[in-house]
Amino acid sequence: MNYSIANFGHIPYGEVVAGTIIKPKNNSDDTLCNITDYNDTLFQDKILLVKRGKCTFTHKVINGQTLKSKMIIVANDRESIFSTIVMVDDGQGYLVNIPSVMISKQDGDKLFELADNQSLNVLLTFNETEKQEKVYFIYIRQPSVLLGLNIESRETFKLLRNLRPFYEQAKDFITFDIFYELLYCYRCANMKFQVDAQDCLGGGRYCQLDPDDEKRGTGRDVVYQQLHQECLFQYNQTKWWDYMNHFDKNCLTPFEYWDCMKQYLKYDYDEIVQCGQDAYYDDEKSDRDIQDTYKQNKILDRSVELRHTSGILFFPGVVINSVAYRGNIVADDIIEDICQSFMNIPKELTLCIQQSSKENVQEKERNAEDLSFSLIVAFMIGSTIIFLLFVLCIYKKMLARQMQTEIKIKVDEAVNQYMKFYESQRNQ
């Protein structure tokens, strides 16, 4: 059975989730949009099967989490290609810490029918990203991480701050790369990209929204900044990470982006700007204003291509070994998935080792709990057997004593009868 993974919640990559499927008891509303009359004890630690519709995906999963379910399966409510439908975050996804998936209407109808008639247990495997090794030889690929960024999103800089320590450890073992979100002017395309739009470069090929609407910069300033940041990443990745921290704190409006970068980079600034200019195609390096306004740029073309092929739907986003990451964009969860991609974790990656150790500890705790439960059950069974043996022993003793008493009574009666018979014979 195929399924697509939600773009929010904790996704247990590399693990298997097992449990009993249960559907909402209210047959008139199996969408899980209203749980006012639900008893959470019925759904605790179960896999909840619901139908799509009436409320957002995130709302359903939050309700399921409130009912203490371990996972939510959402069945499509129409005959469509469900793999093209994304269970998107409605803004409340940060509240979710359980996984959720979507299945087709056909599969959903089968599960609903089976869940009506019998207890239904399932195993769902969350395949880990493709495992890769460090590149010691040409034919062995290095694990790769691609970050899709939007410099107008605060979440971008929160993610980068929290990923920085891992990058410092993993930069020799993982190939890191970036690209930026770019918009597209369809009106400009109809005019063969010969439009001088204030929020675009390349005649409308590369655009960003005006971030403030207060005449303190335009979307074009944002595109320029993204172009120069990509050049800085190519030039010096460590300096790029440092600059992104500086940019977050000091470069507040698009109008300031140029001076902000210039003041920070100083002597490197001209080289970064030249990198952006050199990215225009060779036959288009004429007048600078003309090429910026109307012509194509290789670096920006790459961002446009990755925007459509990477699988990232919302920015910031992450691609690990060519597979788009699904789940909450939280550094710890992303690092956990990246660490899963190693066949053998290098000893230098202490954060991965800590993750692995944490998982081992959790596994040991689960095993210890299972062992404790098994010991308790064994103790109860043993105690019951001993008690039954004790009761049986007591019963046998009581039975033997009762038999002795009855035998003695019968012997006494027999002796008395014999004595009476003997005396009666003697008197005769």
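Leaving aside its neighbours within four places in sequence, which residues is Asp 221 in contact with? The answer is a set of three: Pro 254, Tyr 257 and Trp 258. Please keep in mind, as you look around, that this is a predicted model.

Asp 221 sits in helix α5. Its relative accessibility is 16%, and since buried means under 20%, Asp 221 counts as buried. Take Tyr 257 from the set of contacts: Asp 221 and Tyr 257 are 36 residues apart in sequence, yet their C-alpha atoms lie 7.3 Å apart in space. With Trp 258 there is a polar contact, made side chain to side chain at 3.5 Å.

## The disulfides as a set

Next, the cysteines. A disulfide is a covalent bond between the sulfur atoms of two cysteines. How many disulfides does the count come to? It comes to six. If you number the bonded cysteines along the chain, the disulfides follow the pattern 1-2, 3-4, 5-6, 7-10, 8-9, 11-12.

A disulfide joins Cys 231 to Cys 275, with 2.2 Å from S to S. The torsion about this S-S bond is about -85°, so the disulfide is left-handed.

Is Cys 231 buried or exposed? Cys 231 is buried, because its relative accessible area is 1%.

## Two further pairs

Cys 185 and Cys 188 form another disulfide, and their sulfur atoms are 2.3 Å apart. Which hand does the link of Cys 185 and Cys 188 have? With 70° about the S-S bond, it is right-handed. Both Cys 185 and Cys 188 are buried.

Cys 251 and Cys 260 are also joined by a disulfide, with 1.8 Å between the sulfur atoms. The link of Cys 251 and Cys 260 has -70° about the S-S bond and is left-handed. Cys 251 counts as buried because its relative accessibility is 5%, and Cys 260 is buried too, with a relative accessible area of 8%.

## A cysteine that is partly exposed

One more cysteine is worth a look. Cys 393 has a relative accessible area of 36%, so it is partly exposed, whereas Cys 231 is buried.

How values were computed: Residues numbered from 1 in each chain as written. Predicted model: local features only at pLDDT ≥ 70, side-chain atom pairs only at ≥ 80, totals over all residues. Heavy atoms only, no water. Disulfide = S-S within 2.5 Å. Buried < 20%, exposed > 50% of the residue type's maximum accessible area, 1.4 Å probe, protein only. Helix = DSSP H or I, 4+ residues; strand = E, 2+ residues; numbered from the N terminus. Contact = heavy atoms within 4.5 Å. Polar contact = N/O pair within 3.5 Å; in protein donor to acceptor, adjacent residues only side chain to side chain.
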